[in-house]
Amino acid sequence: MTYEELFERLGGQAFFDLAMVVQLSDEPRASLRVQLHRWSKKGRLLPLRRGMYAWPESRRRVPLNPAALANVLMSPSYLSGAWALGFYGLIPERVVAYTSVTSRAPRRFENAAGIFEYRHIKRTAFLGYQGIEIEGEKVQVATPEKALLDFWHLSAGPWTPVRMAEMRFQNFDVVKPRHLEEQARQFRSPRLLAAVKVWKAVAQEAKEGTVEL
């Protein structure tokens with residue numbers, strides 16, 4: 001398969017993997033892998049992870065959506081933690097890395113689309129996410145409540161009132177306390193249940209204007 005033949009067949013895809021190329025060609029899988037690697041070395045393809053590629057910007061027919069890519073680089077996974085907190089406006093900072101949780105081993109990828117970090121979470125807590133349209137594509141993102149819980153869970157140490165205030169959380173109305181408590185129980189973690197109580201107290205103080213966040 002030539003480069004132009006590949007582009008003719010897959011040019012409409014923002015990204016693709018070796019398995020897709022194998023289905024389109026009669027050539028051996030090993031030789032296709034070598035050819036894709038050579039094209040990426042020459043800058044004719046952008047490597048995203050082993051066996052997955054995107055077109056360089058000069059050849060791209062459709063935009064490369066990093067949020068949608070985050071779901072695919074490692075599956076199953078959903079965007080959560082710091083990225084989701086920024087997405088929902090729960091923290092003031094813009095989060096550059098695309099943080100996700102997965103039931104698989106943790107991984108980290110850096111490529112032309114950005115930085116992608118995956119943290120492990122137990123299967124019983126792999127829930128609380130939803131499909132949200134981002135740049136025209138449906139992306140699996142934690143609910144505001146689950147994004148908070150994943151963030152607290154994956155950050156070591158207790159969540160004291162001082163630590164909670166230092167995060168400068170905002171837009172408290174985005175979080176539904178009942179959903180937060182229900183999902184926290186899925187972790188079976190006293191530390192997270194304690195964090196929920198602190199969150200509710202800090203949120204109440206913020207609404208009453210008695211604390212600066």
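Trainee: In β3, which residue is the bridge partner of Asp17?

Mentor: Met52 is the partner of Asp17 there. This is a predicted model, where local features need pLDDT of at least 70, side-chain atom pairs count only at pLDDT 80 or more, and totals for chains, interfaces and linings use all residues. Residues are numbered from 1 along each chain as its sequence is written, and side-chain values use heavy atoms, leaving out hydrogens and water.

Trainee: How many bridges join β1 to β3?

Mentor: Strands are DSSP runs (E, at least two residues; helices are H or I, at least four), numbered from the N terminus, and two strands pair if DSSP finds at least two bridges between them. Here 3 bridges link β1 to β3 (residues 52-54), and the two run antiparallel. They belong to an open sheet of 3 strands, ordered β1-β3-β2. β1 (15-17) and β2 (46-49) are its edge strands, each pairing on one side only.

Trainee: What lies across β1, β2 and β3?

Mentor: Helix α4 does, at about 55° to β2 (axes are fitted to C-alpha atoms, for helices over the stretch in contact, with angles from 0 to 180 degrees between N-to-C directions; contact means heavy atoms within 4.5 Å).

Trainee: Is α4 (residues 66-73) mostly covered or mostly open?

Mentor: Buried means under 20% relative accessible area, exposed over 50%, partly exposed in between (1.4 Å probe, protein chains only). In α4, 7 of the 8 residues are buried, including Leu69 and Leu73.

Trainee: Which residues does Asn111 touch?

Mentor: Asn111 sits in strand β6 (residues 107-111). Beyond its neighbours within four places in sequence, Asn111 contacts Pro47, Leu48, Leu73 and Phe116. Asn111 counts as buried because its relative accessible area is 15%.
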